[in-house]
Amino acid sequence: MNSSKAINQVAVIGAGIAGLACASELRSYGISVDVYEKSRGPSGRMSTRRTQEWSADHGAQYFTARDPRFIEEVQSWVLAGTAAIWKPKLKVYEAKAWRESHSQDIRYVGTPYMNSPGKHLAEGLSIQYERTISELERRDGKWHLQCSEANEITTLYDFVVLAIPAPQASALLKHLDSGAAHIADSAQMNACWTMMANFPHQLNVEFDAAFINQEIISWICQNGSKPMRQGGAWTIHGSPHWSQDNVELSKEQAQDQMLQCLTTLGFNYEDAEISMHRWRYASGGLENSVGFLSLPNIGLGLCGDWLNGGRVEGAWLSGFNLALALKQA
Ligand SMILES: Cc1cc2nc3c(=O)[nH]c(=O)nc-3n(C[C@H](O)[C@H](O)[C@H](O)COP(=O)(O)OP(=O)(O)OC[C@H]3O[C@@H](n4cnc5c(N)ncnc54)[C@H](O)[C@@H]3O)c2cc1C
């Protein structure tokens, strides 16, 4: 197939940072792109839980930028006011003792919320929210998409990009390409139990965030310490290992275990309002990164953090590089 001639109309499934990066880049090449997203807004795991009283980043906590292309992208977000450097007072808890963190990483957060860079990228893109793509079928060289909420989508596509976590990609790939389905199946993704605790007062602790080692909690962070945020909400992540082993606990059971651990860490949570969230596919991916996958013979591409070392930077680069590869094909 001469893919450069064939690719005029692309569907990107998933409006996380990988799908948004891919769609924005393809659009900048003059290709017509529609994005389909099952939730009500963009950004996927770069997200913030908001109530009337408090808000807390409950997925990605911050991101780093090492690749020159991603550094350039992040600079554009900073200029647009949708990201800023965060300089937390960081501690480490290990072997039952607290110590200072000597990490020199430059950390960024979305401003005012973690989903702000995604919202910025989504501006001007054609995105349909609350559209869960449940089936893909290729007939006469064109993709036909089925979605759970509105049955068949009437637009036909030359190329489809799956920008979704590996297990969800695998479900769609089963009858399309056994090789790609096998790669998705070999990705090891871990869950994450997230607790959000809103305190009515400032806590008397000497840090903004801490890495916790050898406990069932692995991270604790005061949201108000991040730029353009305030309030007493803390985000507390269960460790990947414990979360994966306990992914089927009820929210109440997971909460009880995490609260016990908080007590060990010296936190008094008595007057906190607690809320729990279970991320089934939070982190992880392929043991050996491949960046992205492109199958030009059937007009299909895959991108996302799980193909490129995990994390926000890996996800963005995966989507960006897939778009670049399609342009160069
Ligand atoms: C608790 C937690 C903490 C984290 N901490 C950090 C951190 O501190 N630093 C860091 O760099 N990274 C962190 N990460 C990882 C980071 O969030 C991810 O690497 C990155 O956001 C993944 O982007 P993505 O676009 O690949 O996938 P996602 O963000 O998962 O986007 C995929 C999108 O596809 C949608 N979707 C799925 N299936 C379908 C379908 N069938 N039809 C339509 N839409 C669909 C989903 O709703 C989602 O919006 C964390 C993640 C979690 C969950």
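This is a predicted model: local features need pLDDT of at least 70, side-chain atom pairs count only at pLDDT 80 or more; totals for chains, interfaces and linings use all residues.

Biologist: Which way does β15 pair with β16, parallel or antiparallel?

Modeller: Antiparallel, over three bridges; β15 covers residues 209-212. As a landmark, look for Ala 209, which sits opposite Cys 221 in β16.

Biologist: How many residues lie between β15 and β16 in the hairpin?

Modeller: Four. Gln 214 is in that turn, and its phi is positive, at about 65 degrees.

Biologist: And how many bridges join β16 to β17?

Modeller: Five, and those two run antiparallel. β17 spans residues 233-238, and its Ile 236 is the bridge partner of Ile 220.

Biologist: OK, new topic. What is the strand order in the six-stranded open sheet?

Modeller: Going across, you get β9-β2-β1-β13-β20-β19, with mixed pairing. β9 (126-128) and β19 (293-295) are at the edges with a single partner strand each, so one side of each has no neighbour in the sheet. From one strand to the next, the twist averages 15 degrees.

Biologist: Which helix packs on that sheet?

Modeller: That's α9, residues 311-328. It touches β13, β19 and β20, and its direction makes about 30 degrees with that of β19.

Biologist: How do β13 and β20 run, parallel or antiparallel?

Modeller: Parallel, with three bridges joining them. Val 160 is opposite Leu 300 in β20 there.

Biologist: Let's talk about the inside. Which residues touch the most other members of the largest nonpolar core?

Modeller: Phe 63, Phe 70, Trp 77, Val 161 and Trp 316, out of 46 residues in that core. Helix α9 makes the largest contribution to this core, with eight residues. Apart from it there is another core, of 30 residues, with Tyr 36, Leu 162, Ala 169 and Ala 180 among them.

Biologist: What does Val 161 touch, beyond its neighbours in sequence?

Modeller: Leaving out anything within four places in sequence, its contacts include Val 10, Val 12, Cys 22, Gly 301 and Leu 322.

Biologist: How many aromatic pairs are there in the whole structure?

Modeller: The search finds 16. One of them is Phe 63 with Trp 77, an edge-to-face pair at 5.7 Å centre to centre, with 80 degrees between the planes. Phe 63 is in the loop between β4 and α3, while Trp 77 is in helix α3, 14 residues apart.

Biologist: Is that pair buried or exposed?

Modeller: Phe 63 is buried, at 2% relative accessible area, and Trp 77 is buried as well, at 0%. Ring pairs also link both of them into a cluster with Phe 70, Tyr 108, Trp 316 and Phe 320.

Biologist: Moving on to α5, which of its residues are buried?

Modeller: In α5, residues 166-173, they are Ala 166, Ala 169, Ser 170, Leu 172 and Leu 173. Their arc around the axis is only 165 degrees, so they are on the same side of α5. They pack against β10, β13, α6, β14 and β20.

Biologist: Last one: how far apart are Met 189 and Tyr 281?

Modeller: They are 92 residues apart in sequence and 5.6 Å apart in space, C-alpha to C-alpha. Met 189 lies in β14 and is buried, with 7% relative accessibility. Its contacts beyond four places in sequence include Arg 45, Ala 166, Gln 244, Tyr 281 and Trp 306.

Definitions and conventions
Residues are numbered from 1 along each chain as its sequence is written. Side-chain values use heavy atoms; hydrogens and water are left out. Buried means under 20% relative accessible area, exposed over 50%, partly exposed in between (1.4 Å probe, protein chains only). The arc is that of the directions from the helix axis to the C-beta atoms. Contact means heavy atoms within 4.5 Å. Two strands pair if DSSP finds at least two bridges between them. Axes are lines fitted to C-alpha atoms, for helices over the stretch in contact, and angles run from 0 to 180 degrees between N-to-C directions. A nonpolar core is a set of buried Ala, Val, Leu, Ile, Met, Phe, Trp, Tyr and Cys residues joined through side-chain atoms within 4.5 Å. Rings of Phe, Tyr and Trp (its six-membered ring) pair if their centres lie within 6.5 Å; planes under 30 degrees apart count as stacked, over 60 as edge-to-face and the rest as tilted.
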